[in-house]
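Q: Got a model open here and want a quick tour. Can you walk me through it?
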Amino acid sequence: MADSRSRSAEQVRLLAYGRTGARKPAETQKLLDWYRQMYLIRRFEEAAAEMYALGKVGGFLHLYIGEEAVAVGAMAALQPQDHLLTHYRDHGYALARGSDPGAVMAELFGRATGVTKGMGGSMHLVDAERNFWGGHAIVGGHIVIAPGLALAAVMQKQKRVVLDVFGDGATAIGEFHEGVNFAAIWNLPVVFLVENNLYGMGARPEEQFKVPEIYRRAQAYGIPGERVDGMSVVEVNRVVGEAVERARGGGGPTIVEAITYRFRGHSMADP
């Protein structure tokens, strides 16, 4: 882990200053923007946890604390016209995609000023203006929606990519095979981003799968698969960015497995 952190620090230094040591203002500003986004997500989630404990937020609440680099790095690789689908641990993606934090918090409170008028809540965030189509509460259910959005874009001759985000536990769902297989057969512009936070609820991948390296499953569908350090915003942006551009250029889908870690339980109901 120390080696990984050292590599990440060196990547950040090179991105900001270059090999000559000269400051690169544009790159430095980008890194600062990413840091601000990750900081915003962390503080938002801490506030959401407090409000849930006070009974201000109903239903379930799944915190994104610890995984901020995945959302921020991945969102920076997308263009505004691209589609985004996520699981129910979705606050970080809404914020990284540019949704107003006040409107997102209002949605958690069930208010009409929320991003979905208070009718979706924590697990069903949607921001149509930003092509963000949810927060989906059914584990893995949205994996089959992504190829549909991608097929529509192809038929309409639009240069759109679909980023479909789900956790490691969702890869045990039948829709995972159906969605990835469909996207592979039709060579659709989809990036399947698996957030492997090492515990599907409470079970480790080694307890769930004979082959715990999820990115290796891409081989069965004849598509690229890559694993990335999900605690490094720079690496996530690079790997997801390559997959997005490959998809946009007609290269078909990719499975990206981001190794990350959530610092809280599966949900607020999980101590």
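Q: What order do the six strands of the open sheet take?
A: The order is β2-β1-β3-β4-β6-β5, with parallel pairing. Strands are DSSP runs of E, at least two residues, and helices are runs of H or I, at least four, numbered from the N terminus. Two strands pair if DSSP finds at least two bridges between them.

Q: Before we go on, what sort of model is this?
A: This is a predicted model: local features need pLDDT of at least 70, side-chain atom pairs count only at pLDDT 80 or more, and totals for chains, interfaces and linings use all residues. Residues are numbered from 1 along each chain as its sequence is written, and side-chain values use heavy atoms, with hydrogens and water left out.

Q: How many bridges join β1 to β3?
A: Three, between residues 83–86 of β1 and 162–167 of β3. Leu 84 stands opposite Leu 163 in β3.

Q: Which strands does helix α3 touch?
A: Helix α3 (68–75) packs on the sheet against β1, β3, β4 (190–196) and β6 (254–259). Contact means heavy atoms within 4.5 Å. The direction of α3 makes about 165° with that of β4. Axes are lines fitted to C-alpha atoms, for helices over the stretch in contact, and angles run from 0 to 180 degrees between N-to-C directions.

Q: At what angle do α2 and α3 pack?
A: About 135°, with axes 9 Å apart. α2 covers residues 25–53. The two helices are therefore oblique to each other. Angles under 35 degrees count as roughly parallel, over 145 as roughly antiparallel, 65 to 115 as roughly perpendicular and the rest as oblique.

Q: Which α2 residues meet α3?
A: Trp 34, Gln 37, Met 38, Ile 41 and Arg 42. On the α3 side they meet Glu 68, Ala 69 and Val 72.

Q: New topic. How many of the eight residues of α5 are buried?
A: Six, so α5 (101–108) is mostly covered. Buried means under 20% relative accessible area, exposed over 50%, partly exposed in between (1.4 Å probe, protein chains only). The cover includes α2 and α4 (91–97).

Q: And Gly 92, buried or exposed?
A: Gly 92 is buried, at 0% relative accessible area. Gly 92 is found in α4.

Q: What is Gly 92 in contact with, leaving aside neighbours within four places in sequence?
A: Ile 41, Tyr 64 and Ala 71.
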